[in-house]
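Please walk through this model with its helix packing in mind.

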Amino acid sequence: MEYIVIIISAVFVNNIVLAQFLGLCPFVGVSSKVKTATGMSGAVLFVMFIATVITWLIQNYILLPFKIEYMQTIAFILVISSLVQMVEIILKKISPSLFQALGVFLPLITTNCAILGVTLLTVQNDFKLLEAVFFAIGHAGGFALALIIFAGIREHLDLINLPKGMRGVPAALVVAGILSLAFMGFAGLV
Amino acid sequence: MAKKESTLLNMVLTLFLVTAAAGLALALVYNTTLEPIQQVEKEVLETALGRVLPEFDKIEPPSGIEVAPENGKDPLVFYPAYKGEEPVGTAVKTYTDQGFSGRFWIMVGFSPDGTIINTAVLEHKETPGLGDKMETEKSDFPDQFKGENPADFGLSVTKDGGDVDAITAATISSRAFCDAVDRAYKTFMNKNKGGAK
Amino acid sequence: MNKWKIFSKGFIKENPVFVLLLGLCPTLGVTTSAINGLGMGLATTFVLVMSNIVVSLVKSVIPNKVRIPSFIVIIASFVTIVDLVMKAYVPALHSQLGLFIPLIVVNCLVMGRAEAFASKNSLGDSILDGLGMGLGFAFALTLLGAVREILGSLSIFGIQFAEADGMLVFVLAPGAFLGLAYLIALMRKITDK
């Protein structure tokens, strides 16, 4: 039950993109087609899951026992960036088809603040490992939901005749604002 | 500019040196800021204690007692205050997870019979201009808790059938505030009941 | 490119937020008030200038292949320093900005300048570039923060100027997106001429 609450809260109430403003670069950058948005979401889910597990272990078995929490930011970002590279290499070897689908998005993930953000939030919330895993999956799900809805709307946005200054990003941001407004309806759900 | 050639040795060496230098620099900064950070935390705590308790001579024990709450997983901290040998009240450091931006911490002072003396916000991330009106400096929202005994004062917003007037447009923050006070009150009363001879 | 141009391009012409669209997360996340925007902008400026300085100094001794990881470590160190110092001396602002301080590490702006400018240019130019880009970022955040604060809570830099309820939506999450959208459109209009 507790895990369901964590997931619902992460997907809808505290949506990582629309309420917590994390992962906006890919949100604006790769969301012009539903297909690329789906690929990106898959890559994020994959990396966020592994990164959360590994950083959780580092935090609880290395940083805390040695009282060097101040190395947290450095340790986490290094883990994430080397992880991304490793995933890229391994995926290429063992599953070329998955690599084809996710490959181009992997390098972009290092600078996706959603990943680092979620690992840091996990640590701040003092989650147990299993809770942390659900938390990560929930947030990745929220990211996917926001990204795919947004991409679906953006595909149609290109067809509309807008004033010159509003074309492209500003119009997309207005759409994001309206989506965010809709997601606010979930506030207080859990 | 000539790029330095990459050999295994100099790559490993460079990364090692960069990380070592970073670690050293951070250890240094960490140690110099440790004291001011603790000082700040102490000041916040002392200001809050002074605000939510009547005049007192000492807190015993000075670092407070951790008490498992009625609901919720993390402990609350009790600061029992004495004037001379007589207990004059207890400050309870409590929290809520229902804030608009997640968890925030407040301090609630109770007189021995459970009447709320006053409240103070310790740390929060609520929206400026809305939820942050729960701070005493920013509105009179927290004043309505003063001198009320939750035994005959509904600790929830009027919309939910309680006696607390919510902050305009910040019902979620107001509800969360009530939740924190309620958690403190229930834990406080339960502990007293168990501790009374 | 002359010195003045290196410094001033960050404000309007290559403004990191309005034109380059970098660092959007903190831009939208912390600008609930002008003060928060300014604080975040200055913290980022500090990290940007310091990492530009160090990257520019060590650029010739770092082997090419480990360039990026080294830069990340350098940037992360300065971010942690900012985090600790802010916690010690401006605790209220620190708790408002919260998670977004450690997240300066993944602000594409900082990494972008280290890689694209500081690793190729002289120390003096790198400092100017960091300062210009950082202040341009701070300018954008303060502007967006001020717009949201004025419309949303009818105050500016924490000073209330009217006793009424503002347009709530601007302080809340949707207002960040809408505010930025119209500011970008406005900037385009201005620079188009």
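**A walk through the helices**

Glu149(C) sits in helix H7 of chain C, residues 123-153. Helices here are DSSP runs of H or I with at least four residues, strands are runs of E with at least two, and both are numbered from the N terminus. The model is predicted: local features need pLDDT of at least 70, side-chain atom pairs count only at pLDDT 80 or more, and totals for chains, interfaces and linings use all residues. Residues are numbered from 1 along each chain as its sequence is written, chains are lettered from A and ligands numbered from 1 in the order in which they are written, and side-chain values use heavy atoms, with hydrogens and water left out.

Is Glu149(C) buried or exposed? Its relative accessibility is 4%, so Glu149(C) counts as buried. Buried means under 20% relative accessible area, exposed means over 50%, and partly exposed lies in between, with a 1.4 Å probe and protein chains only. A polar atom of the Glu149(C) side chain lies 3.4 Å from the backbone nitrogen of Phe157(C). Beyond residues up to four places away in sequence, Glu149(C) touches Thr32(C), Ser33(C), Ala34(C) and Ile35(C), among others. Leu154(C), Ser155(C), Ile156(C), Phe157(C) and Gly158(C) are also among the residues it touches. Contact means heavy atoms within 4.5 Å.

H7(C) also packs on H8(C). The angle is about 120 degrees, and the axes are 10 Å apart. That makes H7(C) oblique to H8(C). Axes are lines fitted to C-alpha atoms, for helices over the stretch in contact, and angles run from 0 to 180 degrees between N-to-C directions. Angles under 35 degrees count as roughly parallel, over 145 as roughly antiparallel, 65 to 115 as roughly perpendicular, and the rest as oblique. The crossing of H7(C) and H8(C) is right-handed. A crossing is right-handed if the near helix is turned clockwise from the far one by less than a right angle, and left-handed if anticlockwise. From H7(C), Phe139(C), Leu143(C), Leu144(C), Val147(C) and Arg148(C) take part. They meet Gly175(C), Ala176(C), Gly179(C), Leu180(C), Leu183(C) and Met187(C) of H8(C). The residues of this contact divide into eight nonpolar, two polar and one charged. Here Ala, Val, Leu, Ile, Met, Phe, Trp, Tyr, Cys and Pro count as nonpolar, Asp, Glu, Lys and Arg as charged, and the others, Gly among them, as polar.

H8(C), residues 173-191, also meets chain A. Its partner is helix H9 of chain A, residues 169-184. The two pack at about 170 degrees, with axes 7 Å apart. H9(A) and H8(C) are therefore roughly antiparallel. Among the contact residues are Leu173(A), Gly177(A) and Leu181(A) of H9(A), with Phe177(C), Ala181(C) and Arg188(C) of H8(C). The contact of H9(A) with H8(C) divides into 16 nonpolar, two polar and one charged.

Next comes helix H6 of chain C, residues 108-118. It is mostly covered, with eight of its 11 residues buried. Those buried in H6(C) include Cys108(C), Met111(C), Arg113(C) and Phe117(C). What covers them includes helix H2 of chain A, and H1, H3, H4 and H7 of chain C.

Within chain A, H4 (residues 72-94) packs on H7 (residues 113-124) at about 130 degrees, with axes 10 Å apart. H4(A) and H7(A) are therefore oblique to each other. H4(A) passes H7(A) in a right-handed crossing. H4(A) contributes Gln72(A), Phe76(A), Ile77(A) and Ile80(A), and H7(A) contributes Ile115(A), Leu116(A), Thr119(A), Leu120(A) and Val123(A). This contact divides into seven nonpolar, two polar and no charged residues. Gln72(A) is buried, with a relative accessible area of 18%. Its contacts beyond four places in sequence are Gln59(A), Leu63(A), Leu120(A) and Val123(A).

The loops hold two residues with positive phi. Most residues other than glycine have a negative phi. Asp126(A) has a phi of about 60 degrees. It is found in the loop between H7 and H8 of chain A. At 57% relative accessibility, Asp126(A) counts as exposed. Leu21(C) has a phi near 55 degrees. Its loop joins H1 and H2 of chain C. Leu21(C) is partly exposed, at 23%.

Note on methods
Polar contact = N/O pair within 3.5 Å; in protein donor to acceptor, adjacent residues only side chain to side chain.
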